[in-house]
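Subject: Handover of a structure and notes on its contents

Dear colleague,

Please find below the structure for your records. My notes on what was found in it follow directly after.

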Amino acid sequence: MTIDIMTLFPEICETVLNLGVIGRGIKKGLVDIKYHQIRDFSDNKYRRIDDAPYGGGGGMIMSAEPIYKCFEHIKSLRNKHPFLVFMSPKGKILTQNLAKSLKKHENIVFLCGRYEGVDERIIEEIVDLQVSIGDYVVSGGELPAMIVIDAILRMLPGMLPSEENFTNESHYNNQLEGPQYTRPRIWHGQKVPEVLTSGDHAKIKKWREHQSLIHTFKYRPDLLDSSRE
Ligand code: SAH
């Protein structure tokens, strides 16, 4: 899989992605990530990539042309038709299922907005899907893109020790994971449930399935509504 990120802050993205489990996966070559500074595609001598909005109002808008040129450059590198995701509070809200469907694309490009956003015509012209991380606004698309990318990459083969590491987790099967414990067996007077120290794997599996339902019912009963998308 390849991921290209179009941004004004490549250093934010690099720092975040090079850490932890995803960073190790990148080092192992499981995914090829490239960071593209949109300013490099400005034809202005001050490397400007934004301008005032038509019709007035505060803030600045990212111009279409540098983004377009940056995307053309990515296409020439990757030699394919990459799938272009624009991070936007107007987008489809990220869920585990959306991450699963994005994972099917071999080449994904993320466009991170800043300021008041981007010229609408770039969305019309090249964007395949707008994705949001929730119903609130943050200052830039970089952190939202990092969240989407992390959610996709941790499901790639080889990223985590085994598939079970993510298939047993919250949201993978539309329910939450049950409680987890580690040493010591008794902490502040609270005991680890006995079944977990019984060594009976079949019993433990059953208990975990049951607890998963209990946690879903307790914390997110809406997930149990079968009419939900
Ligand atoms: N004026 C815009 C918000 C601009 S915020 C509006 O009212 O819709 C600047 C950039 O941050 C956006 O272009 C987008 O890339 C990113 N961003 C902000 N909130 C986001 C969210 N909830 N999900 C994904 N990206 C977001």
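Which residues does asparagine 107 touch, not counting residues up to four places away in sequence? They are Thr2, Arg78, Lys80, Pro82 and Phe83, where contact means heavy atoms within 4.5 Å.

Two remarks on conventions come before the rest. The model is predicted, so that local features need pLDDT of at least 70 and side-chain atom pairs count only at pLDDT 80 or more, whereas totals for chains, interfaces and linings use all residues. Residues are numbered from 1 along each chain as its sequence is written, and side-chain values use heavy atoms, with hydrogens and water left out.

**Asparagine 107**

Asparagine 107 belongs to strand β6, residues 107–111; helices (H or I, at least four residues) and strands (E, at least two) are DSSP runs, numbered from the N terminus. Asparagine 107 counts as buried because its relative accessibility is 8%, given that buried means under 20% relative accessible area, exposed over 50%, and partly exposed in between (1.4 Å probe, protein chains only). Its side chain also makes a polar contact of 2.7 Å with the side chain of threonine 2. A polar contact is a pair of N or O atoms within 3.5 Å; within protein, one must be able to donate a hydrogen and the other to accept it, and residues adjacent in sequence count only if both atoms are side-chain atoms.

**The ligand site**

The ligand is surrounded by 20 residues, the closest being Met87, Gly113, Glu116, Tyr136 and Val138; a residue is near the ligand if one of its heavy atoms lies within 4 Å of it. By class, the shell holds 10 nonpolar, eight polar and two charged residues. Here Ala, Val, Leu, Ile, Met, Phe, Trp, Tyr, Cys and Pro count as nonpolar, Asp, Glu, Lys and Arg as charged, and the others, Gly among them, as polar. Strands β5 (83–93) and β7 (129–132) each supply at least two residues of this shell, and β5 gives the largest share, five residues.

A polar backbone atom of methionine 87 is 2.6 Å from a ligand oxygen. For glycine 113, a backbone N or O atom lies 3.0 Å from an oxygen atom of the ligand, and for glycine 140 the distance from a polar backbone atom to a ligand oxygen is 3.4 Å. Taken alone the ligand exposes 560 Å², of which the protein buries 85%; accessible areas come from the Shrake-Rupley method with a 1.4 Å probe, and for residues only the protein chains shown count as cover.

Helix α6 (residues 142–153) has 12 residues and reaches 16 Å from its first C-alpha to its last, close to the expected 16 Å, the expected span being 1.5 Å times one less than the number of residues. Nine of the 12 residues of α6 are buried, including Glu142, Pro144, Ala145 and Met146.

Leaving aside neighbours within four places in sequence, serine 212 is in contact with Gln175, Leu176, Glu177 and Gly178.

**Backbone geometry in the loops**

Arginine 183 and proline 184 are joined by a cis peptide bond, with omega about 0°. Proline 184 is placed in the loop between α7 (164–167) and β8 (186–187).

Tyrosine 115, in the loop between β6 and α5 (120–126), has a positive phi near 55° and is partly exposed at 39% relative accessible area. Histidine 188, in the loop between β8 and β9 (190–191), has a positive phi near 50° and is exposed at 67%.

**The chain as a whole**

The chain contains eight helices and nine strands. Its C-alpha trace spans about 70 × 40 × 35 Å along the principal axes, and buried residues make up 41% of its 229 residues.

Yours sincerely
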